[in-house]
Amino acid sequence: MTSLLAKQVTAFRQQHGIESLGPKRVTAPSVLYSPQEARQLDSEAFAALALHGVAEASLLDPDIAAFAPLFEGPLRDRDIMTSQENEALDKKIHQLLLLLSPHLQARAAQECLEGLLHRYHVHRWNVDDILAAALPHHDSPLFTRLVQGLHVEGKPRWSWMTTLKAKPATLLRSALAKYCCKDLSVLSFVCDVVQENLRLQKPNRALSTFFTALWLDTLSLMGSVSSDMVEVAVPTLLLLLRRPHLRDAFHAGLAVTGAICAKADLEASTQAQILGRAARQAAGDEGKPASALLATVLQLQV
């Protein structure tokens, strides 16, 4: 009887395009409360908290205000939503987390994150989106608490984080850089996040600083730079060098480009693009960093 019921449930889900139940539910991690405190709050309390967070975070970035409807209306179980419904929801959550990322150390942004964790179980459904927003804050208590509930098992890019779950500890950048030397997938992921942030045309100092430091640390640990690593870096670097109005991002591009030029031979077309973009920003005192990159490329590459 149980077997027949299971088959009927599976057939119903397939017929209506409902996602499989997938991995076992993991208790939502809390970034604001202890487990005991979190258990005393109901869904309405978390929704009200998130709406307050949206209102306050909108003072930091007005675009965040558009996401208030995520925390309004009745609670829905994502496990019984259709794949189309989940995809539409994922898109909104992804966009909100990108906007929250620069402000994630602020209480308002953490209230929004708390709402996403408890209302939409983003620790199970949106692991990449959570880490895209939170990795720049990897050495913070917030990140350490967040990792405890993330469902990283079965995800090759993040499976190494299971050790941080088993034995909670601060994720040091030096440890992350060592991992990146063995697996380029995390560097590639960070590059993708940077590119998406650039398309928003919004400053994100935490992300720019993290991108620069991670690349420089990784490069310093490597005796030579592979063509695969150059291929991962170049598209993002060229985009960064086209954003002088986003100063943190632009200077991140200058620093990492210079470091790669010192360790790898670039194609002539790539050299030309770097020289052209640096030359346009090399005038006056503010152009000194771009001038330094020009000198580096001309000395080491041309």
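Residues are numbered from 1 along each chain as its sequence is written, and side-chain values use heavy atoms, with hydrogens and water left out. Because the model is predicted, local features need pLDDT of at least 70 and side-chain atom pairs count only at pLDDT 80 or more, whereas totals for chains, interfaces and linings use all residues.

Helices are DSSP runs (H or I, at least four residues), numbered from the N terminus. Helix H16 comprises 13 residues, 288-300. The expected span of a helix is 1.5 Å times one less than its number of residues. For H16 this gives 18 Å, and the end C-alpha atoms are 18 Å apart, which agrees. Residues are classed by relative accessible area as buried (under 20%), exposed (over 50%) or partly exposed (in between), using a 1.4 Å probe and protein chains only. The buried residues of H16 are Ala290, Leu293, Leu294 and Val297. Seen down the helix axis, these buried residues fall within an arc of 105°, so they line one face of H16; the arc is that of the directions from the helix axis to the C-beta atoms. An α-helix has 3.6 residues a turn, so residues three or four places apart point the same way. The face of H16 turned away from the buried side carries the exposed residues Lys288 and Gln299. Through its buried residues, H16 packs against helix H14 (247-261) and helix H15 (268-279), where contact means heavy atoms within 4.5 Å.

The largest nonpolar core has 96 residues. Such a core is a set of buried Ala, Val, Leu, Ile, Met, Phe, Trp, Tyr and Cys residues joined through side-chain atoms within 4.5 Å. Leu135, Trp158, Met161, Phe211, Trp215 and Ile260 touch the most other members. Helix H13 (residues 227-240) gives the most to this core, with nine residues. Leaving aside residues up to four places away in sequence, Trp215 touches Leu187, Cys191, Met229, Val232, Ala233, Val256 and Ile260.

With a disulfide taken as a pair of cysteine sulfur atoms within 2.5 Å, the count comes to zero. The cysteine sulfur closest to that of Cys181 belongs to Cys180 and is 7.3 Å away, too far for a bond. Cys181 is partly exposed, at 28% relative accessibility. Cys261 is likewise in no disulfide, and the nearest cysteine sulfur, that of Cys191, is 15 Å away. Cys261 is buried, with a relative accessible area of 3%.

Several loop residues were also examined. Most residues other than glycine have a negative phi, and most peptide bonds are trans. His121, in the loop between helix H5 (107-120) and helix H6 (122-125), has a positive phi of about 50° although it is not a glycine. Gln201, in the loop between helix H11 (185-200) and helix H12 (205-221), has a positive phi of about 60° and is partly exposed at 40% relative accessibility.

Asp79 lies in the loop between helix H3 (43-57) and helix H4 (83-100) and is buried, with a relative accessible area of 2%. The Asp79 side chain makes a polar contact with the side chain of Arg124 at 3.0 Å. A polar contact is a pair of N or O atoms within 3.5 Å; within protein, one must be able to donate a hydrogen and the other to accept it, and residues adjacent in sequence count only if both atoms are side-chain atoms. His151 is placed in the loop between helix H8 (141-147) and helix H9 (162-166) and counts as buried at 14% relative accessibility. The C-alpha atoms of His151 and Ala28 are separated by 10.0 Å, with the two residues 123 residues apart along the chain.

How values were computed:
Helices (H or I, at least four residues) and strands (E, at least two) are DSSP runs, numbered from the N terminus.
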